[in-house]
Amino acid sequence: MPELTRRRALGAAATVAAVAASQSLSAPTAAAAGHDHSGPEAFDEVYRGRRITGRPTSGSGHHHGAGYAVFIDGVELHVMRNADGSWISVVSHYDPVATPRAAARAAVVELQGAPLVPFGAN
């Protein structure tokens, strides 16, 4: 059996590192495979007497990207995620918040009891 030398140990370590690096580069990540589970969770609550709900969507309706739908008393509140990860709505467009739930709550506060008019209604 050949004697283990420093040169052989370093060569073996370099080979193992190269194989590990090539496997990690070729394996798709969950986000790249379309399985990004870091998005906001669904919610359903009564806030200040108004029913607010939110859920991920498949991109239909007034949604950007994969989409997330928010409703106040059953009427859709148009929300959008900014590049920095914050959220805005048509009601509080210039006041970004951390989550779609926070956007719904901010809209309820801003509406002051008024009904939400559907987006695009004349």
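I began with Arg 51, which counts as partly exposed at a relative accessibility of 40%. I keep in mind throughout that this is a predicted model.

I then looked up what Arg 51 pairs with, and found a salt bridge to Asp 44, in which the closest N and O atoms are 2.7 Å apart. Asp 44 itself is exposed, since its relative accessible area is 52%, and the cut-off for that word is over 50%.

Next I asked how many salt bridges the structure holds. The count is four, and I followed up those that involve Glu 45, including the one with Arg 101, where N and O are 2.5 Å apart. Glu 45 lies in strand β1 and Arg 101 in helix α2 (residues 100–111), so this pair ties together parts that are 56 residues apart in sequence.

I noted a salt bridge between the side chains of Arg 105 and Glu 45 as well, at 2.8 Å from N to O. This pair also links distant parts of the chain, with Arg 105 in helix α2 and Glu 45 in strand β1, 60 residues apart. Through shared partners, the salt bridges join Glu 45, Arg 101 and Arg 105 into one network.

I turned to the aromatic rings, and the count came to one pair. Tyr 68 lies in strand β3 (residues 68–72) and Trp 87 in strand β6 (residues 87–89), so the pair ties together parts 19 residues apart in sequence. Are these two residues buried or exposed? Tyr 68 is buried, with a relative accessible area of 5%, and Trp 87 is buried as well, at 7%.

Last, I looked up the confidence values. The protein averages a pLDDT of 79, and 65% of the residues score at least 70. Strand β1 (residues 43–47) has the highest confidence, at a mean of 98, whereas helix α1 (residues 6–26) has the lowest, at 59. Over residues 24–36 the pLDDT stays under 50, and for this stretch the model has three contacts beyond four places in sequence.

Definitions and conventions
Residues numbered from 1 in each chain as written. Predicted model: local features only at pLDDT ≥ 70, side-chain atom pairs only at ≥ 80, totals over all residues. Heavy atoms only, no water. pLDDT = per-residue confidence, 0-100. Helix = DSSP H or I, 4+ residues; strand = E, 2+ residues; numbered from the N terminus. Contact = heavy atoms within 4.5 Å. Phe/Tyr/Trp six-rings, centres within 6.5 Å; stacked < 30°, edge-to-face > 60°. Buried < 20%, exposed > 50% of the residue type's maximum accessible area, 1.4 Å probe, protein only.
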